[in-house]
Amino acid sequence: MTAPDAAELRRRTRELLAAHPPATTGRTDFLKARFDAGLAWVHYPAGLGGLDAPRSLQPVVDAEFAAAHAPDNDPRRIGIGLGMAAPTILGFGTDEQKQRFLRPLWVGEEVWCQLFSEPGAGSDLAALGTRAVRDGEDWVVDGQKVWTSSAHLARWAILIARTDPDLPKHRGISYFICDMTDPGVEVRPLRQITGEAEFNEVFLTGVRIPDSHRLGPVGEGWKVARTTLMNERVSIGGSRIPREGGMIGPVARTWRERPELRTHDLHQRLLTLWVEAEVARLTGERLRQQLVAGQPGPEGSGMKLAFARLNQEISGLEVELLGDEGLLYSDWTMRRPELVDFTGRDAGYRYLRSKGNSIEGGTSEVLLNIVAERVLGLPSEPRNDKDVAWKDLSR
Amino acid sequence: MTARTEAGQAPDLLYSEAEEDLRAAVRSLLADRAGAPSVIARTESDTPYDPQLWKALATGIGAAGLLVPEELGGQGATHREAAVVLEELGRSVAPAPFLTSSVVATETLLALGAQDGPAAELLAGLAEGRQVAVVAVPFAAASADVYASVASGALDGTLGPVADAAAADVFLVPTADGLYAVATDAPGVRVEPLVALDLTRPLATVALDGATGIRLADAGAGARAVDRGLLAGAGLLASEQLGLAEWCLTETVRHTRERHQFNRPIGSFQALKHRMAQLWLEVVSARAAARNAADALATGSPDTPLAVAVAQAYCSKVAVHAAEECVQLHGGIGMTWEHPAHLYLKRAKADATAYGTAGRHRDTVAALMELPAP
């Protein structure tokens, strides 16, 4: 079968809409039908929610469904499953695993989380210490994970654990699918600087994972994890951002609407940050144009750095600009938001939450190293962990 | 039209194939004729400009006439191509009156809209590289203030520091009576060289003492034309700053990879790597800002004044930061006369004042974006 083109995808989309009118079809039923028609993620294989079509044609399908007010699978809520678990299962899973997991993942019946980071292994993720020991047909897992978003909602987790402590750290890791309903799994909310608990700590005690839930060969979990992590960072470069579309927007509006708050020092800082925000927007736009032209540049590596610093400086300025109001905070009650909502909250929240922007998904320091070594070709620092067994590393 | 509503058309921030070809030609010419040792030697001579280099750039490559339409004797290219030439000139800091004559003076004359007469003739002369013209206002000026006075057709005044005055054949002089073209060898015109911070863009005082010239436009049209020339100059100066910053980063990376201390290349030390990575991020951001300004000028976008102000407010700082890091991360050698780093530092710092400082351009942003001072 040749890959369907845009017209063919449009035809199939309309056919599905005719057979399952959104107005009279339940949300889950509609999404299941959409998956079965191969219109979920069109670049996935036939039978797994796709049609082997070019990935670039997905917007054609999405636009048709959106125009018909069809339910969508709310990719924000199931982001980890869609963005990280799914491509990894597709790349490394067995046929049984793909058949079992991809459909309920995409439909949203089963939420996923990611058990990677540990209290002792953040930027140095491959140093992780959670152990998985073979016991017959099962693996028995003990350890602690951290920064796990959605763990309290998740049915499944992607998990990396150490299966051979005698090997150097990158080579003794294996990759598993963990059942979050297992009695050995304990999820505790991790309250943050904002008062909220977006994340969890996850304690794993004698968790039994059948060997059939291993992804990829024993000892090659790091290779599998790299696929997951690469997909985590793929997200930038989608749509155009309008001028003042980021955090600078609310501050500029406050400045225009409330002249009594203006001071000369804040004015100079505001203008400097306004210019930097506009330049960051243009840099993102240039990156987008490079991607469209098929010449992806390395700029993406730097965008997260730029936005982290800008968000922090702008939100810091905003708290000061608001004066007495900036001294107040909306609500310190511990809440468990499903989404991080930067613009819907007050300046104090933005100021505190943006501190995470230079830490989550790779600290700014690690990203600067990556730019220096991979983009500028600067030599790496000497390493003393390369050929040392994990168990002999200092901790 | 306010800058609050963004222009609908997306700016093209990439380089076309033709622009890359032009870049390759300019870069290879400058590599042959304007290597760092010869630039240093030139700054120490009595002749700040190399006429052979300018001839090759102006007429061989056709750079002088890029902005001039074909029917007026030029190449009919746009500010996007002129920006690419400036990136390369920034990379080599060669003394050449491209920015002052081929951009600012040329754009000023073009803004007069004359299809024939003295302005059109002068444009043809500039486009062919036969003449060099310079707008006689201080290099730091961002708008067409009047510095010379006119009484019964004779011009008087002391203007400066004027960039590239030493290379000029013609001065364009804004006065309350109109815009005048004054030949530099006319009676009553004296060009007095100044000792400039930037060794690669000579400055001079222009003294007019009863000089006569040709009146090209009345005061209003003349001031608008000079403003347009200075706007183009400021917008494209960002590309020169980009090229300069790129050179500084590239050379610093090269040096720190090769230089060993403590039995390691110094470029492997995280403290240094982070500074260079940060600089790289500034350079790619400067590229987006500079391209945006060049594209806005080229397409006549209503967004042009904001695009230029943003590019200048940002790129000035990046160029100076890149040059300062270049000196520092080169260690002792970066402080020497023989290493070219100082040429870049001096050019970067002078550029940060040229056509208005970053602070002045931020004031423009404040006005255009309705973000007024207290």
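## The second largest pocket

In this predicted model, the second largest pocket has a volume of about 400 Å³, a pocket being an open set of points on a 1 Å grid over the protein atoms alone, where a 1.4 Å probe fits, with protein on both sides within 12 Å along at least five of seven lines; the volume is the space filled by probe spheres set on the points, which are joined across faces, edges and corners. Its lining comprises 21 residues, of which A:L305, A:A306, A:R309, B:Q278 and B:L281 are the closest to the centre, and a lining residue has an atom within 4 Å of a point.

At least two lining residues each come from α8 (264–292), α9 (300–321) and α11 (364–375) of chain A and from α8 (270–299) and α9 (304–329) of chain B, with α9(A) giving the largest share, 6 residues. Helices here are DSSP runs (H or I, at least four residues) numbered from the N terminus.

B:G300, with a positive phi near 65°, follows α8(B).

In α8(A), 21 of the 29 residues are buried, and A:G294, just after this helix, has a positive phi of about 75°.

## Basis of the values

Residues are numbered from 1 along each chain as its sequence is written, and chains are lettered from A in the order in which they are written. Local features need pLDDT of at least 70, and side-chain atom pairs count only at pLDDT 80 or more, while totals for chains, interfaces and linings use all residues; side-chain values use heavy atoms, without hydrogens and water.

Conventions
Buried < 20%, exposed > 50% of the residue type's maximum accessible area, 1.4 Å probe, protein only.
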